[in-house]
Each structure stands twice: as C-alpha cells, then as structure tokens.
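I opened this entry to keep track of what I looked up. The notes run in the order in which I took them.

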Amino acid sequence: MSTVAASAPGRAPAPRAALLGWAGIALGVVAFLLALPPFTVRSAGPSLVVGALAVAAGAVALSAGERRLGAFAVVAGAGGAVGGYAATRSGVGNLEAVVSWGALCAAMLRYATPLTFAALGGLVSERSGVVNIALEGMMLMGAFFGAYGADKTGSWVLGLVIAVLAGAALALVLAIFAVSLRADQIVTGVALNFVALGVTGYLYVDVYGDQGTPDGLPRVPDIKLHTDGLGFIGQALDQQNLLVWGGLLAVVVVWVLVFRTARGLRLRSVGENPKAAETVGIDVLRTRYAAVVVSGCLAALGGAFLSIGFVHSFSQNMTAGRGFIALAALIFGRWRPLGALGATLLFGFASALAQRLPAFSPSGATLFQALPYVLTLVAVAGIIGRSRPPAADGVPYRREG
Amino acid sequence: MSAVAPDGQDAGPAGEPGGGATVATRLTTHLGVGGVITPLLTTLLAFVVGGLVVLATGHDPFGTYKAIFDGTGLNWLFPWTSGADRDTAAINLQQTLILTAPLILVGLAVGYAFRAGLFNIGGQGQYTVGAILAVWVGSSFAGMPAVPHIVLAIVLAALGGAAWAAIAGGLRATTGANEVITTIMLNWIALWVGVFLFGLGGPLQNTAQHDVPVSNDIVPSAHLPVFWGDPQLQGLHIGIFLALAAAVVYAVILNRSTKGYEARAVGFNPDAARYGGISVGWTYVLVMGACGLFAGLAGAIDVLGWQFRVATNDIQISQVGFLGIAVALLGRNTATGTCLAGLLFGALLQGTSVRNLDPSVFPPELAGNLTTIIQGLVVLIVSADVLVAWLVRRRIRRTAEPPPTSVAVT
C-alpha cells in the first residue's frame, strides 16, 4: 500500500487547523441556512460573505496541513454561498413548500433507514475481509420475504424473522463461495444479486401474479412520541417507524460490538491481517462466515423495512439500487459505523430533498439522485481525503497445511 | 480492496495458483484448463438448477425449455422446419440476433478489462452514455446524408463510452481508486444523467409531447440498414456485423498488438510489467477506454438499429451491461467464446420475452425471472471455478501423475 502511504499528509496537522476546518464547515452550512426558512434573508449578501469566510477558514486549515477538513470547509463554503444565492432567487412560497424542516428531517430518517441497515451489514462483512457487493440482493431477499412472511403468518414480527432468515440464507451462499471455495468475491456478489433478483421476482409472480401483494399486509408499527411541540427535531421524531429507531440502535450496537469488544477486535484483525489472526488462534474462516451471515441479516432488515415498514407492499426489484447506495455510504463513511450513519443521513437527505424539489424544478430534482454516487466517486478518488478499506478486504484466505 | 490494490500487491498468499487474489489471476486458472467443456458444463448446470426451480413451483421444465427454445428462432437452423413455422422462426431468429449484438459488445467490454486484471462493472453506464450520444446525434442534424450521419452517431457514442470508462481507468492510474467501486458509481451517475436529460423538462426531452419522458425520435435516414426481414417489422439490422467485427478487432488487438500485449502483461503481473518498462497507469486508462468503446458502440447500435428513441424508463430497467459480465465470464474472455455466450443469452432473452412464450405452457412474466436466475447461476458457478477444480482433479486421477503447477487448483 505504498501509494496510499505516500498520499497521506507528511506532517501531523495542528489541532487548531482541525478546529478551523470544522468552523469553516459550520460557516458554510450557515451561509446556506441564512437564505432558508425560518430566517429567509432575501438578499444574497450575507450568504456570500459567510460563505467567503468559510472558504477562507478552509484555505487556512488546508495550508496548515489539515487536508480533509480544510477541503470539506472550502467545498461547504462555496456550496453554501451558491445554495444561498439560488435560494434568494426563488419565491418565498416555493421555499417554504420545499424546506419544511420537520417533514424534511422525518423523510430523511425514513429514506436513510434501509441504507443504514445495509451499510452496517456491509461494514461487518468488509471488516472481516469479505467484500459484499451482494448487499442489494440481500436487501431484496429481505424485502420480498418480509412481505411474504408477514402475509402468510399474519404477523409483522414473523415477517421480519423470515426476512432475516432469507437474507442470512443468501449470505450463507456468499460465505460458502467466498470463504470456503475462495471464489472471487466481487464476481460472486454480482452473481448473487442476479440470483436474488430472479428468485424474488419469480416467487413474487408465482405467488401474487398480477394482483400484487395484498393491501392488508401486516405492518411494522410506528412509534408515537408526542414530541411534535418540540421544534423541527421533535416533529421529525414524533412518529417514526419502529425500524427507524432499530436502525439507529443498530449503529450503536455495531459500533460497540466491532470497536469495543474482544470479539470485534478479532473480527477486525481477520479483515486486516488474517494470517496474523490465525497465528494467535482466531478461526479466520469461522469469523468470516459469521460476519457474512450477520451482514445478510442486517441488509435483509433494511429490505424488510422497505416492504413492510415503509411502502407496505412488494414490487419486483423494489430496492432499485439501494444496496449500492449503502455500499457507497459505507465507503464514504470510511468503513466506520458513525461515518456510515452520517453518509446514509446525507444520502437520505438528498433523497428527501429530491422528492420535494419537483415542486418547482422537476429536472433539477433528478440530478439530486446522482449526488450519493458523485460524492462517493470523489471520496474514493481521494480528492477529499481517502477512504481506505480494511487491508485484507476482498482477499480469500487460504489456510496453511 | 487490495484484491486489486493500487500498487498491485496482493495481500493473499503469493505464488499459489488458485489462491491468487485478483480476478485476473483466478481467471488464468479458469482459462488454463477444461477447454470448451467447462463453459458447457456451467451452462448445463445452470439450466438444470433453473429447471428444478420450475419443477419446484409446479411447472413442467421440459415443456418450458422447449417453448423457450422455439421462441428463440434457433429452430430456423433445422432443415426440417418449413412453411409458416419457418417464417415465424426467421422473425424470432432476427430478434435473437438483434439482442445478441449488444451482448457480444458489452461482453467484450468486460472481457478486455479482465484480461488486464481490471473488473469493469461499468458496462451498463458506458452503454447508457453511448445510447444517449447516439440518440442525440441521430435525432439532430436532420438534413445530413445517411452514411456520414450514422457514422458520426456511432463514432461519438463509442468515444463517449470510452471517455466515461476512462474516468475509472484514470482514477485507478492516478489515485489507485478501485475500479469496481468507481465503475459502479459511474453506472448510477450515467443512469441519473440520462433520466435528467430525457425526463420531464430535461434538455433533451422530446419536443412534441411535454408530458412523456422520452427523447426525440432518430431521423429515418439515420436508422441502421436492415438486411434480413422487413424493416417495418424490426428486421435484422447490420449491428450484428459490427459486433462480430468488433470481436475480430478485440482478438487482434489483444493477441497481435503491442497494446494488447501490454494489457495482458499488466493483467498477469503489474509489478513485473512495470519493471519491464510498461506504463501500468497509462495501460489502465487505455484498457478502460477500449472497454468503453465497445460498450458505447453497443448503446449506439441498439438506439440506431431498433429502439430509435430512449425513454427514461429504458435507461432505468436496462440490464444489458450487467449481462455483459455473464457473457464475458462464460465466454472466458475470448472473442469466439464471447460471441457464443452472447448468442446464448440473446436467445434466452428472446425466448422468454412476453411476446414469444405461450402463456399456457409457462407464464412469460416468470420466464424473464428464470432468465435472471440462470444468468446469476452461470456467473456464480464460473466465480468459484468449482467445475474447473473438479475437472482437474479428475484428470489428475486418470493420468496419475503430478499436475502441472499452473493448474494446481486446491
């Protein structure tokens, strides 16, 4: 990994530079917020000034060696100024229709939840050294079998259980091929996405035909908090699905398990250096099997949220690339639970905004959908800091002897 | 993903055949043994498992496969097919070959990258970029003479695909960004750009109907000539010859040119190639560019040959580029193999299409999904080289002598 090492900053940046970077990012956000409700400043001046300050802070941070935060601050400042300017050019009525913070944040959480589950699944698998391109397929299995199970058993709990089992079954196939047979993990993942697409589509048509899933599908319940009086955050959290909270809880659980327990340390060591891990007595193959299966369970929960928590029906290929956005979020979040959560919230926000923007710009809204992919492309290219995967990610392990 | 790490170092056990980590290394094993038997067995196994799925859900697998086969038009090749059957078969075979042509091209797009140790999952995006450019050129410049118009559309589409793919190659060369990730991202970016361009209010949306998200139609003079069948009834256009010609070019470049040699050398061992004076980074860019050229061409011939317009829906549901992965893997990245695998999948797509399958034998909506299952199984079986390993072991047992080191799998 000499290339990677060479591209890292040569000297440690001063803590003050990091602070400056964060301040720049915050100023960039403020520059945009100024022009939006409830402030709704109707002149571009303040946004431009604050945005310029953000860019300046970022530039200073950059020159002090804080490349990642500095670059982010420059981008945030420029983006904030442009966004603020754009907002002052559109009508107040339109702005208030699009930017209703409570509804926007609630939608963000709903859009982010399937991604969060799947990104966490990808995290567990990739931290153990198995690349999981099949997240999409596992989500799809969860989505179909969640709906099917809920329909046949009449209970959303059993629906979730069946969804998780289906996701685990597909993950087990990935594990058998990728871990035991040492197949190329990416090719296997691509194959399993096809298999899942075909199997769920086939069963869906075979079971439900032209009718589609029945209307009275048992649903994962919403939780009512009565916090709608507490500002837009209260409104956003007031009535959310159980699985939205489950997704946030899963972030904490995965973070604790993977980064704060001995078991998690073993998992990560298998992903970084399997030979060393085996030397100290860790069963590499079993660890990878477990990680991949857990990955399938999590991704399937994300899929099940789509079908029985959000849309309340199933349709062919209903995940529509969300598994790949989750993969993107995982990379953009640098293979860390909180990073992945941040990325899925950002991508969820983009989706929520894209859904509301058509009010006054339908074609512009479409381009928002590409945002996660563009950001991830930028992230892996190392233009703004580099995302580096676990060292043994994607490498089949061959036991000695 | 240091399977294809920027500096080409595999964290896996070095020097162990079959334990190699890159796609290319594993495929070397795959290519080394088994001849044509492995792909045939792979296909057979996938069809058997698919048949079991059909059986398990209460349908007749033999009747289903027979009906699918009849829908492909391949029975036209049998001398005993005559009369009205023969006419139907001819029309079906034309459709099969129309679907085969882009599959061969995207298969080449994936295969060429494989030979250089790169995994091009971006065939779909490159195809989309090609289709966008082809429909734009084909629906503009209405007064242009036919031949230069078609050539311009095809060349721009191919170059557009090449440029799109070269982004991934360039990022790999300069920053070491893994091309698997970048090509996946580029696929989705191409998709949304396409939806933006042809969508409601988009810059390339058609001028006639403002509530339909579709491009303008290609002007009739820019349609690819039809040489078999009725041009009004979607006869076979010359795209299949372009695809076959591309396969020949692929083989010649790869096996007979300096650039092809360099690509293979980089695929075999990037460090050794660099030591031997080959610019590995530049090779990545050129290889991905060539891949995009093939995939962009595929988009062009589909648009100019039979679609004549691009709807946002077409862009969103198209799977051609992903099928290319199956085509390339089954065809073992050789020109001939890719053409045959392309024909197989083209025939499957055609045979399971809604129009062709008799609903009383097998519901066509199921059949489309059956195709997807079979396609997934093909890739899955190829991915593990299980068949190869089994074959090699059997051969070893038969000849009872130590295996040549290059094929010592497991």
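The entries below go from conventions to chain totals and then to single sites.

**Conventions.** I am working from a predicted model, in which local features need pLDDT of at least 70, side-chain atom pairs count only at pLDDT 80 or more, and totals for chains, interfaces and linings use all residues. Residues are numbered from 1 along each chain as its sequence is written, chains are lettered from A and ligands numbered from 1 in the order in which they are written, and side-chain values use heavy atoms, with hydrogens and water left out.

**Chain B, totals.** I looked up the secondary structure of chain B and found 16 helices and two strands. Helices (H or I, at least four residues) and strands (E, at least two) are DSSP runs, numbered from the N terminus. Chain B has 410 residues, and 59% of them count as buried. Buried means under 20% relative accessible area, exposed over 50%, and partly exposed in between, with a 1.4 Å probe and protein chains only. For the accessible surface of chain B I noted about 16,000 Å², with 68% belonging to carbon and sulfur atoms. These areas come from the Shrake-Rupley method with a 1.4 Å probe; for residues, only the protein chains shown count as cover. I then took the contacts in chain B between residues at least 6 apart in sequence: 71% join residues at least 24 apart. Contact means heavy atoms within 4.5 Å.

**Nonpolar patch, chain B.** Which residues form the nonpolar patch on the surface? I listed B:Val147, B:Val151, B:Val155, B:Leu159 and B:Leu293, with about 430 Å² of accessible area together. A patch takes residues with over 30% relative accessible area and no salt bridge; like charges are joined within 9 Å, and nonpolar side chains (Val, Leu, Ile, Met, Phe, Trp, Tyr) within 5 Å. Helix α6 of chain B (residues 146–175) gives the largest share, four residues. B:Val147 is placed in that helix, α6 of chain B, and is exposed at a relative accessible area of 60%.

**Salt bridges.** The criterion is a side-chain nitrogen of Lys or Arg within 4 Å of a carboxyl oxygen of Asp or Glu. B:Glu179 is buried at 1% relative accessible area, and B:Arg172 is buried at 5%.

B:Asp217 and B:Arg309 also meet in a salt bridge, at 2.7 Å from N to O. B:Asp217 lies in the loop between α7 (179–198) and β1 (226–228) of chain B, and B:Arg309 in the loop between α11 (280–307) and α12 (312–317) of chain B, so the pair ties together parts 92 residues apart in sequence. B:Asp217 is partly exposed at 41%, as is B:Arg309 at 34%.

The pair B:Lys259 and B:Glu262 has an N to O distance of 3.6 Å. Both residues sit in helix α9 of chain B (residues 258–268), three residues apart, about one turn of the helix. B:Lys259 is partly exposed at 44%, whereas B:Glu262 is buried at 18%.

**B:His237.** Is this residue, B:His237, buried or exposed? I read 1% relative accessibility, which means buried. B:His237 lies in strand β2 (residues 236–237) of chain B. A polar atom of the B:His237 side chain lies 2.9 Å from the backbone nitrogen of B:Gly239. A polar contact is a pair of N or O atoms within 3.5 Å; within protein, one must be able to donate a hydrogen and the other to accept it, and residues adjacent in sequence count only if both atoms are side-chain atoms. Not counting residues up to four places away in sequence, B:His237 touches several residues, including B:Ile98, B:Phe227 and B:Trp306.

**A:Asn193.** I found A:Asn193 in helix α9 of chain A (residues 185–208), buried at 11% relative accessibility. The A:Asn193 side chain reaches the backbone nitrogen of A:Gly137 at 2.8 Å. Leaving aside neighbours within four places in sequence, the contacts of A:Asn193 include A:Ile133, A:Gly137 and A:Phe324.
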